[in-house]
Amino acid sequence: MIEARHLRVLRAVSATGSFSAAGRELGCTQPAVSQQMKALETSVGTPLLIRTGREMRLTQAGEALVRHAAGIIAGLTAAEEEVAAIAGLRAGRVRLVSFPSGSSTLVPTALAALRAAHPGTRVSLEEAEPPRSVEMLREGDCDVTLAFRYEGAASAAGSAGAEEWDDLVIRPLLTDRLVGLVPEGHRLARAGTVAIGDLADEPWIAGCPRCRAQLVEVCESAGFTPRIDFATDDYPAVVGLVGAGLGVAVLPELAIESVRPRGARTVTVEPALRREIVALTLPDLAQVPAVAATLDQLARAASR
């Protein structure tokens with residue numbers, strides 16, 4: 001019989017490449033990791049690791065087991081959480097992952113309401129941008145992730161197509177329009193609406209990798225390639241660079257909500273650029289009361 005604790009050890013060994021590193025990650029000793037791996041190999045009746053000197057790699061059976069481990073662990077977690085909630089032992093816990101502008105706008109309101117309604121529910125928060133945040137969900141490293149995808153994005157780097165999420169439970173939250181950001185003294189600072197092509201000759205400040213890919217795609221569809229002088233995942237840094245007169249940018253409205261744009265002005269950009277904000281979870285986890293309550297509160301926060 002395969003035990004969940006053995007699968008967690010196998011995943012750690014696969015991710016770190018050694019028993020000692022896996023032990024550090026799991027908070028146990030190297031001999032304990034070795035013993036659990038031997039027990040797992042005995043359970044499945046075939047070698048899972050090939051050891052050559054200091055190097056270690058998975059056998060074909062080991063690769064197959066690691067591939068299934070995340071789903072198995074998620075299913076077990078879902079079962080444990082639901083049973084515990086039904087039995088009244090605890091309200092549950094939720095590991096939430098969000099992109100930065102979601103963390104500073106939607107998440108605080110949602111978690112405050114969740115704590116008021118279910119004070120026993122424990123929620124942890126970690127930040128990651130998609131697609132990494134979605135990978136964390138599939139790998140069993142979180143229970144709910146906030147993600148986004150751009151409307152009409154075509155490139156693989158800039159798009160998170162519906163087919164990439166068709167194995168997940170999707171809770172739509174809101175549509176976030178992107179706005180232009182220019183220095184206060186810019187020639188277009190007081191324009192009501194700005195065509196993206198009007199900014200063709202400007203230096204640009206770009207955001208996260210997915211956002212940069214979307215920016216390049218939109219600009220190229222308008223007939224030019226943006227000259228990106230600065231790139232940063234930190235939205236306050238983007239605003240600061242624009243406010244200092246070092247370039248222009250296109251940012252989601254959620255990001256503007258959480259930053260005071262000193263020295264910069266927002267303008268409406270045409271054609272309209274939008275991204276869909278969603279909360280994602282695994283089908284098994286969607287049945288867990290604490291996870292379902294978190295999704296509900298995120299939806300309520302987005303509707304305000």
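**Figure 1. The second largest pocket of the predicted model.** The second largest pocket has a volume of about 170 Å³, in a model that is predicted. Its lining is formed by Thr 105, Leu 106, Thr 109, Leu 174, Thr 175, Asp 176, Glu 253, Leu 254, Glu 257, Ala 301, Ala 302 and Arg 304. Two or more of these lining residues come from each of helix H6 (106-117), strand E6 (169-183), helix H10 (253-257) and helix H11 (289-303). By class, the lining of the second largest pocket comprises five nonpolar, three polar and four charged residues.

**Figure 2. The largest pocket and its lining.** Helix H4 provides the largest share, with six residues.

Figure 3. Apart from neighbours within four places in sequence, Gly 140 is in contact with Ala 70 and Arg 95. Leu 282 stands 142 residues from Gly 140 along the chain, yet the two C-alpha atoms are separated by 9.2 Å.

**Figure 4. The largest cavity.** The structure holds one cavity of 30 Å³ or more. The volume of the largest cavity is about 140 Å³. Of the 15 residues that line the largest cavity, Tyr 150, Leu 178, Cys 211, Leu 215 and Val 250 lie nearest its centre. Strand E8 (203-206), helix H8 (209-221) and strand E10 (249-252) are the elements that each give two or more residues to this lining. The greatest contribution to the lining of the largest cavity is that of helix H8, with five residues. The lining of the largest cavity contains 12 nonpolar residues, two polar residues and one charged residue.

**Figure 5. Thr 294 within helix H11.** Thr 294 is located in helix H11, an element that also gives two or more residues to the lining of the second largest pocket. Thr 294 is classed as buried because its relative accessible area is 2%, against a limit of under 20%. When residues up to four places away in sequence are not counted, Thr 294 touches Val 94 and Leu 114.

**Figure 6. Asp 198 in a loop between two strands.** Asp 198 is found in the loop between strand E7 (193-195) and strand E8. Strand E8 is one of the elements that give two or more residues to the lining of the largest cavity. With a relative accessible area of 40%, which lies between 20% and 50%, Asp 198 is therefore partly exposed. Not counting residues up to four places away in sequence, Asp 198 touches Arg 187 and Leu 188. Thr 105, a lining residue of the second largest pocket, is 93 residues from Asp 198 in sequence and 31 Å from it in space, C-alpha to C-alpha.

**Figure 7. The stretch of residues 155-162 and the chain around it.** The pLDDT is below 50 over residues 155-162, and this stretch has 18 contacts in the model beyond near neighbours in sequence. Where pLDDT is low, predicted coordinates should not be read in detail. For the protein chain, the mean pLDDT is 87, and 93% of the residues reach 70 or more. The protein chain contains 11 helices and 12 strands, and its C-alpha trace spans about 70 × 50 × 30 Å along the principal axes. Of its 304 residues, 46% are buried. Among contacts with a separation of 6 or more, 71% join residues 24 or more positions apart. The protein chain exposes about 14,600 Å², of which 51% is supplied by carbon and sulfur atoms.

Conventions
Residues are numbered from 1 along each chain as its sequence is written. This is a predicted model: local features need pLDDT of at least 70, side-chain atom pairs count only at pLDDT 80 or more; totals for chains, interfaces and linings use all residues. Side-chain values use heavy atoms; hydrogens and water are left out. pLDDT is the predictor's confidence in each residue, from 0 to 100. Contact means heavy atoms within 4.5 Å. Helices (H or I, at least four residues) and strands (E, at least two) are DSSP runs, numbered from the N terminus. On a 1 Å grid over the protein atoms alone, a cavity is a set of points where a 1.4 Å probe fits but cannot get out, and a pocket is an open set with protein on both sides within 12 Å along at least five of seven lines; lining residues have an atom within 4 Å of a point. Grid points are joined across faces, edges and corners, and a volume is the space filled by probe spheres set on the points. Ala, Val, Leu, Ile, Met, Phe, Trp, Tyr, Cys and Pro count as nonpolar, Asp, Glu, Lys and Arg as charged, and the others, Gly among them, as polar. Buried means under 20% relative accessible area, exposed over 50%, partly exposed in between (1.4 Å probe, protein chains only). Accessible areas come from the Shrake-Rupley method with a 1.4 Å probe; for residues, only the protein chains shown count as cover.
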